[in-house]
Amino acid sequence: MNRILILDYGSQFTQLIARRVREAHVYCEIHPAARGTDLAFVRKFDAKGIVLSGGPSSVFDPGAPTADPTLLNLGVPVLGICYGMQLVAQLAGGKVRPSREREYGRAEVTIREATGLFAGFEPHSCITVWASHGDRIDAPPPHFRVTASSANAPVAAMQHESQPVYGVLFHPEVAHTPRGSEILHNFLFEICGCTPDWTPGHFIEQEVRRIRELVGPAQRAICGLSGGVDSAVAAALVHRAMGDRLTCIFVDHGLLRLNEREQVERTFRAHLGLDLRVVEAGARFLGELRGVEDPEEKRRRIGHTFIDVFEDAARHVPGDVGFLVQGTLYPDVIESASPRGGPSVTIKTHHNVGGLRPDLPWKLIEPLRELFKDEVRQVGRELGLPEEIVGRHPFPGPGLAIRVLGLVTEERLDLLRRVDATYVEEIRAAGLYDQIWQAFAVLLPIRSVGVMGDGRTYDHVVALRAVTSRDGMTADWYAFPPDVLAKMSSRIINEVRGVNRVVYDVSSKPPATIEWE
């Protein structure tokens with residue numbers, strides 16, 4: 001198999017490793033660090049190479065994540081990054097110890113051997129890297145050579161004399177290491193011997209074949225079509241594999257944006273030619289959300305109610321319905337589960353991952369589960385979907401329920417719909433929609449004092465959010481021109497009765513998430 005296994009030791013940059021590998025057109029998967037102690041899993045994965053990520057732990061911490069030392073002797077190339085390198089050094093008998101000074105940020109590293117990871121670099125040249133470590137390696141393990149060093153790290157990179165085991169104490173996956181892509185390129189192609197065949201067309205062929213094998217010649221599937229790019233691409237992909245044995249169900253859960261139901265029916269029937277059935281379930285969802293303020297409970301109830309509604313709708317689909325199709329993406333999976341397999345660092349439960357009812361009546365088909373958002377868009381274009389579908393901003397499965405902070409009521413939803421529609425209308429009018437990854441409004445659970453028409457008001461506060469991103473794992477707030485923000489605020493306050501204050505969210509991810517709940 002032409003793929004890379006990434007073992008996640010908890011670094012904030014682990015997903016960037018996957019991004020860089022896939023940008024080189026090589027398929028990879030991230031798995032929890034605990035898999036590094038499961039040699040049966042590693043052998044079955046059959047990777048061309050293994051990457052051990054960085055992480056916040058010290059190899060000296062009680063219970064620090066580790067790996068089976070045999071991992072280094074399987075003959076499969078291994079690259080340890082930061083904590084991953086310290087772990088390799090410890091497992092192989094090197095001298096790891098705490099540094100007097102933590103090395104964090106940009107650092108200068110001297111190349112001592114222009115081979116292996118540094119093939120093509122000038123010998124004894126200095127390169128700028130991004131470092132983030134509190135331990136260092138004073139002496140490499142037996143049979144390892146030092147290939148780079150820095151003022152604070154005598155062993156900034158190393159490689160085994162005869163086996164394909166390598167380590168770097170810095171992060172080649174981040175943009176702050178300018179030549180990091182060259183280092184990863186050397187690992188992928190010169191050391192692992194990978195082939196750059198990870199393309200949208202290749203992915204579609206593989207998934208169509210896998211889906212056909214999974215469902216067989218007779219069973220049917222239903223797909224929860226939300227109107228967003230993820231479920232649309234998932235539906236188009238499964239439709240290519242199953243044809244008219246796929247029925248798409250669009251649930252109007254009462255948590256949609258303004259005029260969204262009409263747009264979905266018009267667009268998807270015209271462009272995809274799918275068997276699309278619309279279910280009216282707004283009262284049912286709002287009943288389940290009555291009195292609920294906690295965002296995790298909102299997600300749980302919405303996820304369970306979705307399944308109930310799908311189960312009811314499936315009874316009206318002829319034939320044997322054995323599968324449910326979902327547009328689950330890789331960031332959904334990553335954020336919904338700890339990288340070490342535990343609950344401690346779960347960011348939030350995505351309704352289609354951790355929020356599903358445990359007794360599902362169908363098997364899941366999630367063809368996009370290992371893709372990032374930009375990869376999904378590429379697949380959608382390869383499938384021939386129109387840009388009005390592929391280029392849409394992401395919209396969460398729980399809909400406006402997680403953008404109405406606090407209690408969800410019909411009145412509060414209607415107010416937010418009008419605010420959000422005005423906001424997006426102004427973004428499009430300014431020609432900025434395609435520059436922004438995601439933009440939406442949030443209704444805050446507070447009121448503020450205002451003055452309108454020489455009278456006192458005590459009305460709602462709304463927050464506007466817009467971010468730029470590549471894959472949703474990290475994001476920066478979008479810097480609107482001041483005149484555009486001013487016009488947005490003026491229109492919202494003047495046209496949406498009940499709002500007297502507009503604020504703009506200037507938080508990046510991390511530390512914030514893109515959605516507020």
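Strand E8 (residues 157-160) and strand E9 (residues 165-168) pair in the antiparallel sense over three bridges. Two strands are said to pair if DSSP finds at least two bridges between them, and strands (E, at least two residues) and helices (H or I, at least four) are DSSP runs numbered from the N terminus. This is a predicted model, in which local features need pLDDT of at least 70 and side-chain atom pairs count only at pLDDT 80 or more, whereas totals for chains, interfaces and linings use all residues. Residues are numbered from 1 along each chain as its sequence is written, and side-chain values use heavy atoms, with hydrogens and water left out.

**Strand E9 and its partners**

- A hairpin of four residues leads from E8 to E9, and Ala157 stands opposite Val168 in E9.
- E9 also pairs with strand E4 (residues 78-81), in the parallel sense and over four bridges; here Gly80 stands opposite Gly167.
- Val165 and Gly167 point one way from E9, while Tyr166 and Val168 point the other way, and all are buried. Buried means under 20% relative accessible area, exposed means over 50%, and partly exposed lies in between (1.4 Å probe, protein chains only).

**Helix H11 and its surroundings**

- Helix H11 (residues 373-382) is mostly covered, with seven of its 10 residues buried. These are Lys373, Asp374, Glu375, Val376, Arg377, Val379 and Gly380.
- The buried residues of H11 pack against helices H1 (14-23), H5 (200-215), H6 (229-242) and H12 (387-390). Contact here means heavy atoms within 4.5 Å.
- Just after H11, Gly384 takes a positive phi of about 90°.

**Helix pairs**

- Two packed helices are described by the angle between their axes and the distance between the axes. Axes are lines fitted to C-alpha atoms, for helices over the stretch in contact, and angles run from 0 to 180 degrees between N-to-C directions.
- The axes of H6 and H11 come within 10 Å and cross at roughly 45°, which makes H6 oblique to H11. Angles under 35 degrees count as roughly parallel, over 145 as roughly antiparallel, 65 to 115 as roughly perpendicular and the rest as oblique.
- H6 passes H11 in a left-handed crossing. A crossing is left-handed if the near helix is turned anticlockwise from the far one by less than a right angle, and right-handed if clockwise.
- In this contact, Val229, Asp230 and Val233 of H6 meet Lys373, Val376, Arg377, Val379 and Gly380 of H11. The residues of the contact divide into four nonpolar, one polar and three charged. Ala, Val, Leu, Ile, Met, Phe, Trp, Tyr, Cys and Pro count as nonpolar, Asp, Glu, Lys and Arg as charged, and the others, Gly among them, as polar.
- H5 and H6 pack at an angle of about 60°, with their axes 9 Å apart, and are therefore oblique to each other.
- H5 passes H6 in a right-handed crossing. Residues of H5 including Phe203, Ile204 and Val208 meet residues of H6, among them Leu237, Val238 and Met242. The contact has nine nonpolar, no polar and three charged residues.

**The five-stranded sheet**

- Five strands form an open sheet in the order E12-E11-E10-E13-E14, and the pairing is parallel. Strands E12 (275-280) and E14 (363-365) stand at the edges with a single partner strand each, so one side of each is left without a neighbour in the sheet.
- From one strand to the next, the twist averages 30°.
- Strand E11 (residues 246-252) runs parallel to E12 and is joined to E12 by six bridges; Phe250 stands opposite Val278 in E12.
- H6 packs on the sheet, touching E10 (220-224), E11, E13 (321-325) and E14, and its direction makes about 165° with that of E10.
- Helix H9 (residues 295-314) lies across E10, E11, E12 and E13, running at about 130° to E11.

**Ile302 in helix H9**

- Ile302 lies in H9 and is buried, with a relative accessible area of 1%.
- Leaving aside neighbours within four places in sequence, Ile302 is in contact with Leu255, Phe285, Leu289, Pro398 and Ala401.

**Backbone features**

- The peptide bond from Lys509 to Pro510 is cis, with omega near -15°, and a cis peptide bond with omega of about 10° joins Pro510 and Pro511.
- His124, in the loop between strands E5 (95-111) and E6 (126-139), has a positive phi near 65° although it is not a glycine. His124 is exposed, with a relative accessible area of 61%.
- Asn259, another residue that is not a glycine, has a positive phi of about 60°. At 52% relative accessibility, Asn259 counts as exposed.
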